[in-house]
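Please read the following briefing alongside the sequence and the coordinates. The notes are grouped by topic.

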Number of protein chains: 2
Amino acid sequence: MKTEPKTLSGFMELYPNEQIAFDNIKNTIIDTYKKYGFYPLDTPIIEYSEVLLAKAGGETEKQIYRFEKGDNDLSLRFDLTVPLAKYVARRYNELVFPFKRYQVGKVFRGERPQKGRFREFYQCDIDVIGDEELSLKYDSELVNVIYDIFSKLNIGDFKIRINNRKILNGFFGRLGINKELTAEVLRIIDKSEKISRESLIDELDKIGITEMQRFDILNLMDRRLINPDMEESLNYLKREYPKTNKDNSLLNEGIEELETILNDLKSRGIPRKYYAVDLTIARGLDYYTGTVYETSLVDYPSIGSVCSGGRYENLAEFYTDKKLPGVGLSIGLTRLFYQLVEANIIKIDNVSSSDVMILPMCDNYEYIYKVNNILKENNIKVNICYLDKGFKQKMKYANRMNNKYIIIIGEDEVNNNTVVLKNMISGNQMTISFNELASLKEKILE
Amino acid sequence: MKTEPKTLSGFMELYPNEQIAFDNIKNTIIDTYKKYGFYPLDTPIIEYSEVLLAKAGGETEKQIYRFEKGDNDLSLRFDLTVPLAKYVARRYNELVFPFKRYQVGKVFRGERPQKGRFREFYQCDIDVIGDEELSLKYDSELVNVIYDIFSKLNIGDFKIRINNRKILNGFFGRLGINKELTAEVLRIIDKSEKISRESLIDELDKIGITEMQRFDILNLMDRRLINPDMEESLNYLKREYPKTNKDNSLLNEGIEELETILNDLKSRGIPRKYYAVDLTIARGLDYYTGTVYETSLVDYPSIGSVCSGGRYENLAEFYTDKKLPGVGLSIGLTRLFYQLVEANIIKIDNVSSSDVMILPMCDNYEYIYKVNNILKENNIKVNICYLDKGFKQKMKYANRMNNKYIIIIGEDEVNNNTVVLKNMISGNQMTISFNELASLKEKILE
């Protein structure tokens, strides 16, 4: 009796070529994080339930993978923020602040599995944590990080939409809408892209928003991407809610922060088309207190936000009295990858695990390995075909392995200190000398 | 009431500088695996218990993290071999064989925690899986991989010890020791490094080994590293167990395989001091059927094997009828890292998350970011100090962040299109022009 080799639904397990494409994206993200001097962090996947759930409740608690082992009540992490909070609180005395860390790892949520939703998925997070205070420069640095990543990923145009929660909170305060109701309104605004204007009005009605309040809310909402000139959004607010009125102070603080960040983005030389002010961006309702970001792929709006985050006042209040403000962002890589493949933005047909495959056509392995070693030293990934079969079979193997280039080494090549380099797509081949192998990379990348 | 931010014992959670050192090792391993054209693989951490435990029993089953979620009986993976077997059986029709894959990931075993033992730890595995057959060239390719990795890690001399299970099995068969008893003897031999010769004899006695059998066993054992010339070991066996006697055929098959591999290692140009035949290496008793390897650090024998593996006849017999022979190896990275730090082989005091830190001493961020961008483009990791404090405080921050190099940018530098580069260790500083920044890497690596 054989056991069926099955994988749980909601758990991504890719084909080899897909995995290479997935890792390429992951590595681009990590390399960018590292370029900004973020520290790596790698926290356990299993934690004490009481630690992970110090803050969580509701949906999170229902979705969590929780179990007992020995006397311990354990859970699998459901995000990378709670472990960061624990880590910073635990290592407070040994860390240097501002503490910049990235973490790329799997998290677990036992959601109802559905197309494009995963129970085990990668998050790629960065956060900057300050001790008591944290410069707004980091808020714009994170926008720069997003810009660098999505430029390099080469998956089409993208737009980073930026807002400041103080603007929203100040705005609703002015309308006399209290905190609880604000949360409700923001929740409705958050999904405004997915529902019709009628449903929107209907939902606002239902929670008790008056017609006058609604007028102002919709006016604000409509300032979103309609203006190519994003200053228009802010000018509208400054006109409508002048500084001279003290009741507008929170809103104006938000505007000032946002303008500071926009100015800094200009200094950074990020092309203007890649970012915009969007006054309707709300994000994590209880969590963010200042800057918030979302990023969307311009040609694929249905994919939704591919990278989001923002600023929070206090990272670790459930573990420590220290005031630790932070700003962070997260890329949900598993879902993103799934959607990029679905939308055919990522092609995986011509992916190969090696830059070149060597087909030995003689027994002089001393020479074959000499060729292999010089290629490896020059950062070329090499597969050697060890099949004890004829030339045709070896070519077939190279083809199935998607190798664009092969190197053929027979007696003649050994005797002449050469190899034959063949382009499997064009069919072209040429003889190159052993001494030219060190610079092969330029030839095969042309 | 605050929750104590604690981490489970037996779960590694490193300081930022340690994590950088850890990741450097991990990346060296992965980069080497990739250079040989291995495919990446990333299987779920959670699997159906029946799938993971199709083969396991005894100790493994006791140690496993197993729990129910909904109607499912789930377990966390305890190694990367069982998931590979599942994957290959599941994807048999879509894979190209020989299938070379690497996987680097966490596995979980609820062992009694003790110094240097972890419940969550990284394994870094490679395996080559054949369909029905697999060239011995892969057995030696893996030795080459080990050699490349440990040379690059720069953690001192190492020795790859190689044996072939057919030699051991043939040898014990000749002595009239049956399979069950062989397993017992091998288990004792496996720990022969850790116990005295007297205890060894005592233990062999206890399981019923006769004095004559013991004589031959100890004779074989003593062929281990005593001979710098490893052919001596094989010549001893060939002399004692000549081919002419058919009863010696399994043993001689093992010798032939081992000699084939040794010849191939010679062709590969791996310096002789890095590998040796060790006839006492047994490894996974039920699993390996041919070549077996262990690797030890010459100056730190107490660390034990840091990389081991071997050849097996059938990867996935619990899931499929297909005969899938393979050869693989594994590095237990978490334990290795722990031991390298304990033994002071890895230094983490001078590790930094960035190559250079920019200290802005003026407000011209347009210029500061221009400098930052040119450095990033040239693969230099840059932290910018955004502290709103004086020069002294900024210097202190750079010092605490272990930055060996800082770049100071004040009004003068902006006006002259230069920066000041300061070596924090020597105290030397020099003014360099903006145009020289692209080649800064050479300056700071000198």
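Strand E11 (residues 326-332) of chain A is mostly covered, with 6 of its 7 residues buried, where buried stands for 20 or more other C-beta atoms, placed from the backbone, within 10 Å of the residue's own. The model is predicted, so that local features need pLDDT of at least 70 and side-chain atom pairs count only at pLDDT 80 or more, while totals for chains, interfaces and linings use all residues. Residues are numbered from 1 along each chain as its sequence is written, and chains are lettered from A in the order in which they are written.

**Pairing of E11(A)** 
- Strand E6 (residues 120-129) of chain A runs antiparallel to E11(A) and is joined to it by 7 bridges, two strands being paired if DSSP finds at least two bridges between them.
- Ile129(A) stands opposite Gly326(A) of E11(A).
- Strand E10 (residues 305-312) of chain A also pairs with E11(A) in the antiparallel sense, over 5 bridges, and Gly309(A) has Leu329(A) as its bridge partner there.

**Chain A as a whole** 
- Chain A holds 16 helices and 16 strands, which are DSSP runs (H or I, at least four residues, for helices; E, at least two, for strands) numbered from the N terminus.
- Of the 446 residues of chain A, 46% count as buried, and its C-alpha atoms fill a box of roughly 90 × 60 × 45 Å along the principal axes.

**Contact between the chains** 
- The contact takes 68 residues from chain A and 68 residues from chain B, a contact being a pair of residues whose C-beta atoms, placed from the backbone, lie within 7 Å.
- On the side of chain B that touches chain A, helix H1 (residues 16-35) of chain B gives the most, with 6 residues.

Notes
Contact = placed C-beta atoms within 7 Å. Buried ≥ 20, exposed ≤ 12 C-beta atoms within 10 Å, placed from the backbone.
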